[in-house]
Every structure is written in structure tokens, then in C-alpha cells.
Amino acid sequence: MWSFDRSSRAAVASVVAALLAACSFHLRGQAQLPFETLYIPGTSPLVVELKRNVAAASKTRLVDTPDAAQAVLGFTQEQRDKIILSFNAAGRVSEYQLRYRVGFRVTDSKGAQVYLPINEVLLTRDVSYSDAQVLAKEAEEALLYRDMQSDMVQQIMRRLVAAKPATASIE
């Protein structure tokens, strides 16, 4: 009986492996950013998480000054909004929409060559609200903003991969 279980597990594992291979599943791996060096100014939580992702998920080296960088990622805006979506029968707020908007662009160190023009990413999340659970809803809002920040970093990383660096001219 024990050998039957072992052979059954092996058969199931091989079927799963074949199915994953058939659907062309593969792990994400490293992002191929088109820059050897990158400068990202700032110390906001978004910038810290973005730097961590660039360092961990790509071969691009982060530098401390814009002059030492092949590309500079500059933020044009970072804005968080909370908008009322609906009211209940008593006239109190029952739903909010959280918005997180980030604008950025990628240039060379002098700002003359634009590798990625101004991009704007807008993320939204709807959240219910209750006066009886104010502290819990505040904690949920903070958690949603952190989740949106992580999503924002992934969106920026995907756009950085698509950036077109200047190619050397052929003489």
C-alpha cells in the first residue's frame, strides 16, 4: 500500500508538471531594465520600495547621484485622495473611493534625452465605511494604501522595462 501511494504521488506530480509546461507557465525571473545605472531621488515610502524592487529584481545598479546614472527617474506627482462614493439613508457616508496617483518620467542625467515621457498611473480602491468601526476602517484604509503602493511599484517597474534608452549612433 505504501508503494502505491508513493507511485500515485509521483504520477500526480508528473501530470501537474506536464500541465504547467503545456500552459507555458514560468516564474517571473529578473526584470530586464534597459539601463545599466539608475538614479531615483527621494526618500518617500514609494521610492524606498521602488529602489528595493529595482535592486532585487533587475541587474540595474542604483547610484547615489544623477551625474553617475545612465537614466534618472523623476516623479512629477504623488497624490492620495479619498472621495465619497455614497451615503446611507441617514445621510452618513457609507462608501469611499481611495485614489493613488503617481506621475513620473525617465530622462538621461542632463534631462535632455527622454527615455520615458511623463506617465501617470492611477489606482483606485472602493471601501465601505461605518461610524461604529472608525478605528478598524482607518486601519483598513492604511492597509489598502500600502497595497496600492505595492501595485504602483509593480506598474512602474513594468513601464521601466518598456523604456527606450538612446542607442549609440553608427558612424
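# Assignments in a predicted fold

Q: In which helix is E140 found?
A: E140 belongs to helix α3, a helix being a DSSP run of H or I with at least four residues, as a strand is a run of E with at least two, both numbered from the N terminus. The model is predicted, with local features requiring pLDDT of at least 70 and side-chain atom pairs pLDDT 80 or more, whereas totals for chains, interfaces and linings use all residues. Residues are numbered from 1 along each chain as its sequence is written, and side-chain values use heavy atoms, without hydrogens and water.

Q: Why is E140 called partly exposed?
A: Buried means under 20% relative accessible area and exposed means over 50%, with partly exposed in between (1.4 Å probe, protein chains only). The relative accessible area of E140 is 31%, so E140 is partly exposed.

Q: Which elements does the protein contain, and in what order do they run?
A: There are 3 helices and 5 strands. From the N terminus on, they follow the pattern α-β-α-β-β-β-β-α.

Q: In what order do the strands form the sheet?
A: The 5 strands give an open sheet in the order β2-β1-β3-β4-β5, with mixed pairing; two strands pair if DSSP finds at least two bridges between them.

Q: What makes β2 and β5 the edge strands?
A: β2 (61-62) and β5 (114-128) each pair on one side only.

Q: Why do β1 and β3 count as paired?
A: The requirement is at least two bridges, and 2 bridges join β1 (residues 37-39) to β3 (residues 71-87), which run parallel. In β3, A71 is the bridge partner of L38.

Q: Why do β4 and β5 count as paired?
A: Antiparallel strands β4 and β5 are joined by 12 bridges, against a requirement of at least two. L98 has R125 as its bridge partner in β5. The two strands form a hairpin with 6 residues between them, and G111 in the turn has a positive phi of about 85°.

Q: On what does helix α2 pack, and at what angle to β3?
A: Helix α2 (residues 45-57) packs on the sheet and touches β1, β2, β3 and β4 (93-107), contact meaning heavy atoms within 4.5 Å. Its direction makes about 125° with that of β3, where axes are lines fitted to C-alpha atoms, for helices over the stretch in contact, and angles between N-to-C directions run from 0 to 180 degrees.

Q: What span is expected of α2, and what span does it reach?
A: The expected span is 1.5 Å times one less than the number of residues. With 13 residues, α2 reaches 18 Å from its first C-alpha to its last, close to the expected 18 Å.

Q: Why are the buried residues of α2 said to line one face of the helix?
A: These buried residues are L46, V47, E49, L50, N53 and V54. Seen down the axis of α2, they fall within an arc of 165°, so they line one face; the arc is that of the directions from the helix axis to the C-beta atoms. They pack against β1, β2, β3, β4 and α3. The face turned away from the buried side carries the exposed residues P45, R52, A55 and A56.

Q: Where does helix α3 lie, and what covers its buried residues?
A: Helix α3 (residues 134-161) lies across β1, β3, β4 and β5, running at about 155° to β5. Its buried residues include L144, M148, M152 and I156, and their cover includes β1, α2, β3, β4 and β5.
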